[in-house]
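Please walk with me through this assembly, one chain and one contact at a time. Keep the 3D view open as you read.

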Amino acid sequence: MSSIWEYANPKKFIATTDRLLPWVSALALGLMVLGLVWGFFFTPDDFRQGSTVKIIYIHVPSAMMAINAWAMMLVASLVWIVRRHHVSALAARAAAPIGAVMTVIALATGAIWGQPMWGTWWEWDPRLTSFLILFLFYLGYIALWSAIEDDDTAADLTSILCLVGSVFALLSRYAVNFWNQGLHQGASVLRAGALAGDTEERVSNIFATPLFISMAGFLMLFIALVFLRTQTEIRARRMRALLARERMQ
Amino acid sequence: MPDLGKYAEAVLSSYAISLGLIVALVVLSVLRARKVKAQLAEVEARGKTGGKAQEQADG
Amino acid sequence: MIALLMRDLKLAIRAGGGFGLGLAFFLIVVVLVPFGVGPNSGLLSKIAPGVLWLGALLACLLSLDRIFALDWEDGSLDLLATAPLPLEAIVSVKALAHWLTTGLPLVLAAPVFAILLNLPTAGYGPLVLSLLIGTPALSVIGTFGAALTVGLKRGGLLLSLLVLPLYVPTLIFGAEMARRSIEGLNAQTSLLMLAGITCAVIALLPFASAAVLRVNLR
């Protein structure tokens, strides 16, 4: 098996992803259905949180993908800056809306999950606040792609923005933790904190297995959508190039 | 449907919103993919006929 | 480099826009807040540090597109890029000019406007200090954003969307520093983080800004 850089060739990328897409999509659908149905119908309620714990099967996977999507965009941006493979830049562009939607889902489920406990529809909990800021970074990134006409310029500018944004996103996470922790140790009300190891509680296996299946499903969904959307971006870019050539004739 | 108790609204609405957003994302991605694929094929076909099809269409 | 700095300073003051407009906007924001939240002095004094920080931040934001706009339009930006000075230095000088004409006046005006918001006495020193340390970061970060959107018509809103999330850490630590000092708490962490961010940003971000400018000038 030769190097992964083969797939930097747009045609080869499209050919390969065309073959992979049905399988990845099927996996995505299967795993998500399995994980969510199992979690929704066949797990018990939590002692303290009641049935709201079922939100975990969507909240945690979406939050994980929201972060991973940005991480993938960061890697793809670096690949573009260093090796100038168009597929990489376009893959980053393709991934951004997916990440943004995941962030919204994480925010919505996080807020709904917390409402019975907080009594309000929103709390400036450090975790949720960080996701809100991440959403703004996604918006800015997507907006910059749309605002620039020249494809290479757009790829260059957005990749630099992604790099700088990543640093600031990490910095903001620390700042927000500092901002809301104040004098009291932030007692994270959300069970999700337990999964990340914030508290000593560990999620028992009853919840963990369908959760991991659901997370795997979300990951497959992300991959399938990135394949599909990157193909679209490659084709759109080719079309713009052809149209430009037409106009010059 | 398991007995969701007093949190039924919360749980169901969060599932509905999330799955709704995912479905919307998938649908929009697929629709755009098809549209761009068709448009590209059209532009490429125009190129192959050496622009004559374009001239005929304009004339 | 000094020549470039003096030129930019003269431009900002002469064109009249940058210098006075930022201050006027700051004042307007401070005046508008009580209309929005009610005239209760107790409430105002609680939110005063944050409001003053926000007003300064927004006033900075509004003047960002001027950093490169004039030079871009008349082609002098291309000339600057080919000058013997490294582009990173040019970008830093531009940020400095922006701070001297926008940020610094805001810092000096803040204690005066703070009176309108009933800022507690203990807050004056920390607030001015936090703004003094933080506004240079706002200028440098803003320069990065201005470089990204330099060619765009009506890039103003996009500029805001790109820059405001980058302002969050500086805003948090700056406002926290002022607030904690007022409450008698330990403000050291905020101060150190704020200063750290400003120093890091001044040292590193010009490289990104210069790279962005090179892309846009192609």
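A residue is called buried if 20 or more other C-beta atoms lie within 10 Å of its own, exposed if 12 or fewer do, and partly exposed in between, with C-beta atoms placed from the backbone. What you are looking at is a predicted model, where local features need pLDDT of at least 70, side-chain atom pairs count only at pLDDT 80 or more, and totals for chains, interfaces and linings use all residues. Residues are numbered from 1 along each chain as its sequence is written, while chains are lettered from A and ligands numbered from 1 in the order in which they are written.

Let us begin with chain C. Buried residues account for 51% of its 218 residues. Its secondary structure amounts to 9 helices and 0 strands, where helices (H or I, at least four residues) and strands (E, at least two) are DSSP runs numbered from the N terminus. Read from the N terminus, the order of elements in chain C is α-α-α-α-α-α-α-α-α. The radius of gyration of chain C is 18 Å, close to the 17 Å from the globule rule for 218 residues, so chain C is as compact as a globular protein of that length. Here the radius is taken over C-alpha atoms, and the rule is 2.2 Å times the number of residues to the power 0.38. Along the principal axes, the C-alpha atoms of chain C fill a box of roughly 55 × 35 × 30 Å.

Contacts come next: two residues are in contact if their C-beta atoms, placed from the backbone, lie within 7 Å. Among the contacts in chain C with a separation of 6 or more, 82% join residues 24 or more positions apart.

Now for some helix packing. Two packed helices are described by the angle between their axes and the distance between the axes. Axes are lines fitted to C-alpha atoms, for helices over the stretch in contact, and angles run from 0 to 180 degrees between N-to-C directions. In chain C, find helix 3 (residues 41-62) and helix 8 (residues 156-183), whose axes come within 9 Å and cross at roughly 150°. Helix 3 and helix 8 of chain C are therefore roughly antiparallel to each other. Angles under 35 degrees count as roughly parallel, over 145 as roughly antiparallel, 65 to 115 as roughly perpendicular and the rest as oblique. Helix 3 of chain C passes helix 8 of chain C in a right-handed crossing; a crossing is left-handed if the near helix is turned anticlockwise from the far one by less than a right angle, and right-handed if clockwise. Residues making this contact include W53(C) and L57(C) from helix 3 of chain C, and Y167(C) and L171(C) from helix 8 of chain C. By class, the contact between helix 3 and helix 8 of chain C has 10 nonpolar, 3 polar and 1 charged residues. For these classes, Ala, Val, Leu, Ile, Met, Phe, Trp, Tyr, Cys and Pro count as nonpolar, Asp, Glu, Lys and Arg as charged, and the others, Gly among them, as polar.

Also in helix 8 of chain C is L164(C). Is L164(C) buried or partly exposed? L164(C) counts as partly exposed, with 18 C-beta neighbours inside 10 Å.

The crossing of helix 2 of chain A past helix 3 of chain A is left-handed, and their contact has 21 nonpolar, 8 polar and no charged residues.

Stay on helix 3 of chain A to find A96(A). A96(A) is buried, with 24 other C-beta atoms within 10 Å. Setting aside neighbours within four places in sequence, A96(A) is in contact with M73(A), Y138(A), Y141(A) and I142(A).

Finally, how do the chains meet? Contact between chains A and C joins 21 residues of chain A to 20 residues of chain C. On the chain A side, helix 4 (126-147) and helix 5 (151-181) are the elements that give two or more residues, and helix 5 of chain A gives the most, with 13 residues. By class, this side of chain A has 17 nonpolar, 3 polar and 1 charged residues.

Chain B has 2 helices and 0 strands, and 10% of its 59 residues are buried. Of the 2 pairs of chains in contact, chains A and B share the most contacts. That contact takes 25 residues from chain B and 30 residues from chain A, and the side of chain B that touches chain A divides into 14 nonpolar, 8 polar and 3 charged residues. Chain B and chain C do not touch, and their nearest C-alpha atoms are 23 Å apart.
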